[in-house]
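The sequence and the structure are shown first.

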Amino acid sequence: MAWFAGVEAGGTKFNCIVASDPKNIVNEIRIPTTTPEETLPKVIQFFQETEISKGIKLSSIGLGFFGPICLDKSQEHYGWITSTPKLAWRNTPVVSYFQEKMDLPVSFDTDVAAAALGEGKWGNARNCRDFIYLTVGTGIGGGIISDGHPLHGMIHPEVGHMLIPHDRIKDPFDGVCPSHKDCLEGLASGPSIKARWGQPAETLSPDHPAWSIESDYLAYALANMTLSYSPQRIILGGGVMKIPGLLETIQKKLVQFLGGYVQSDLIINHTEDFIQLPGLGDRAGVLGAIALAQTNS
């Protein structure tokens, strides 16, 4: 059996795993995200010690990282974290670091693209070639899979920063995004909910008025992505999506906002199949890093 290393690198923690698939996991660890000088050597140490203690040899490594990152292999800074608001991590050449320290093939993408690959291989997007994984939590990010591969381009999709209708009578809140104020992330992320209502999302009751506003913004975003990318499925992950009833409200509002324009049976009669929660749950990202690593095998 081939074994792979996976890293889901987030703003607060690095989730690291050695596995072949969801049913065959050798070892896992969470390492706090501090600085590159402190965090990255701990990740390397974990993988090296796992190889020794478990008597295995890793085949490749998948890195799903917070961004923005450079994914253009023709660029000098390919494999770098670039203009991240996490200042200590700006201009960090993570791919070359892992290649040097581990001498393994490295696959590199955003954390949400990795999660999307995981859902496509083992989760609720199986048998789909074109789909989207959107996470709604501390931030909002999306991985767009087109014909089985993550969509890249000038950099990579940043759907969390799309501009959406903002009814300031219904919601006078300015937004929290430092770059755009009231983009999707600025209005619908976990920190925006806490800033608007004075308490974290998970402490608000399911009938709190917050969820009418939240479902509006997320349904607007899904309508934009449905019209732009024509996915076969959309997976909604992240902590905010654990609120009871939120998914069902978004499904209904998406149909309303599309106004009958998309004449697909998925939209009209099977919205519950079109928009789903992750089949891999909170492990979509870290298992997605294993799926990412396997693109090199």
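Five strands make up an open sheet with mixed pairing, in the order 3-2-1-4-7. Strands are DSSP runs of E with at least two residues, helices are runs of H or I with at least four, and both are numbered from the N terminus. Two strands count as paired if DSSP finds at least two bridges between them. Strand 3 (24-32) and strand 7 (106-110) each have a single partner strand and stand at the edges, so one side of each is left without a neighbour in the sheet. From one strand to the next, the twist averages 15°; angles run from 0 to 180 degrees between N-to-C directions, and axes are lines fitted to C-alpha atoms, for helices over the stretch in contact.

The model is predicted: local features need pLDDT of at least 70, side-chain atom pairs count only at pLDDT 80 or more, and totals for chains, interfaces and linings use all residues. Residues are numbered from 1 along each chain as its sequence is written, and side-chain values use heavy atoms, with hydrogens and water left out.

Strand 4 (residues 58-65) and strand 7 run parallel and are joined by five bridges. Glycine 64 has aspartate 109 in strand 7 as its bridge partner. Helix 2 (residues 94-102) packs on the sheet, where it touches strand 4 and strand 7; contact means heavy atoms within 4.5 Å. The direction of helix 2 makes about 160° with that of strand 4. Helix 3 (residues 111-122) also packs on the sheet, touching strand 1 (3-9), strand 2 (13-21), strand 4 and strand 7, and its direction makes about 105° with that of strand 7.

Side chains of opposite charge can pair when their charged atoms come close. With a salt bridge defined as a side-chain nitrogen of Lys or Arg within 4 Å of a carboxyl oxygen of Asp or Glu, the count comes to nine. Three of them are listed here.

| Salt bridge | N to O distance |
|---|---|
| Arginine 168 – aspartate 174 | 3.0 Å |
| Lysine 170 – aspartate 216 | 2.6 Å |
| Lysine 253 – aspartate 216 | 2.7 Å |

Aspartate 216 lies in helix 6 (residues 210-229) and lysine 170 in the loop between strand 10 (149-150) and helix 4 (184-188), so this pair ties together parts 46 residues apart in sequence. Aspartate 216 is buried at 12% relative accessibility, whereas lysine 170 is partly exposed at 41%; buried means under 20% relative accessible area, exposed over 50%, and partly exposed in between (1.4 Å probe, protein chains only). Lysine 253 is buried too. Arg168, Asp174 and Asp182 are linked in a network of salt bridges.
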